[in-house]
Amino acid sequence: VDSQEPPKPWRGSLEDHEIQLDLEGEEDGVQICKAITMQGEDLPVAEALDRIRMANIGQKASMAVKPEPPEEGFLKVKDLLYTQRSCREIFKSGPYRGRKLEECTAGLIAGKLDPTRTQWLTLDVVKDTQDGKLWSIDNRRLKCLKEYQKYLDQSGTDKTVMVKARIHQWTETHCRFLDHLDTWCHGKDIRVRNGKRPRPDWD
């Protein structure tokens, strides 16, 4: 009997965590984020979701297969959920690269940034077709937008912050993929067990 303790589960992430901020992410959203990241950090969300769908029905994912384009529209910032438990306090790309999240929030408050027109603020959002929940892949920008909404609420205005988003569909097929996802080696190997599969440990 092999008594060697297996390695810890793999922990993919869309963002570095050197300095962290607490986010109000839910467990489902965190796992969705990990599933998408496993397909490749530089892969567009639409292609990542299409690869998950194809893998689940036994087809080999191919870059030659054109994924269904996401729907674009305006969403209420209040309705969007985080997909990570934490995020860095500094942007690593875009016009605010190397600057703190507070500076982006200040830009929103000052009217220098428009969530419905500023292209950089367009969010990639995954919609769960089963419960209708909306999960943002872009957690830092969403944090700034939510802080902006909080500022408006505390100022006594009834303005609702809207943001432009690319809306990707998360279907039952993706849920089945996620339910099976607990690999610790990027899917390159598997251990044969003699009992029930334990619940993945994402903590």
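Reader: Why does K78 count as partly exposed?

Author: This is a predicted model, and in it K78 has a relative accessibility of 48%. Buried means under 20% and exposed means over 50%. A value of 48% sits in between, so K78 counts as partly exposed.

Reader: And what makes D153 and K78 a salt bridge?

Author: Look at the gap between their side chains: it is 3.9 Å, N to O. The cut-off is 4 Å between a Lys or Arg side-chain nitrogen and an Asp or Glu carboxyl oxygen, so this pair makes the list.

Reader: Which parts of the chain does that pair link?

Author: Distant ones! D153 belongs to helix 4 (residues 139-154), while K78 is in the loop between strand 2 (71-76) and strand 3 (80-82). The two are 75 residues apart.

Reader: Is D153 buried, exposed or partly exposed, and how do you know?

Author: Its relative accessible area is 39%. That falls between the 20% and 50% limits, so D153 is partly exposed.

Reader: OK, what about K143: why is this one called buried?

Author: The limit for buried is under 20%. K143 comes in at 19% relative accessibility, so it counts as buried.

Reader: How far apart are E147 and K143 in helix 4?

Author: They are four residues apart, which means about one helical turn separates them.

Reader: Which salt bridge does E147 form with K150, and how do you know it counts?

Author: The closest N and O atoms of E147 and K150 are 3.4 Å apart. With a limit of 4 Å, that pair counts too. Both residues lie in helix 4, three residues apart, again about one turn of the helix. Salt bridges with shared partners join K143, E147 and K150 into one network.

Reader: Why are E147 and K150 called partly exposed?

Author: E147 has a relative accessible area of 27%, and K150 has 41%. Each value lies between 20% and 50%, so the label for each is partly exposed.

Reader: How many salt bridges does the rule give for the chain?

Author: The count comes to seven.

Reader: And zooming out, how many helices and strands are there, and what share of the chain is buried?

Author: You'll find five helices and seven strands. Of the 203 residues, 40% count as buried.

Technical notes
Residues are numbered from 1 along each chain as its sequence is written. This is a predicted model: local features need pLDDT of at least 70, side-chain atom pairs count only at pLDDT 80 or more; totals for chains, interfaces and linings use all residues. Side-chain values use heavy atoms; hydrogens and water are left out. Buried means under 20% relative accessible area, exposed over 50%, partly exposed in between (1.4 Å probe, protein chains only).
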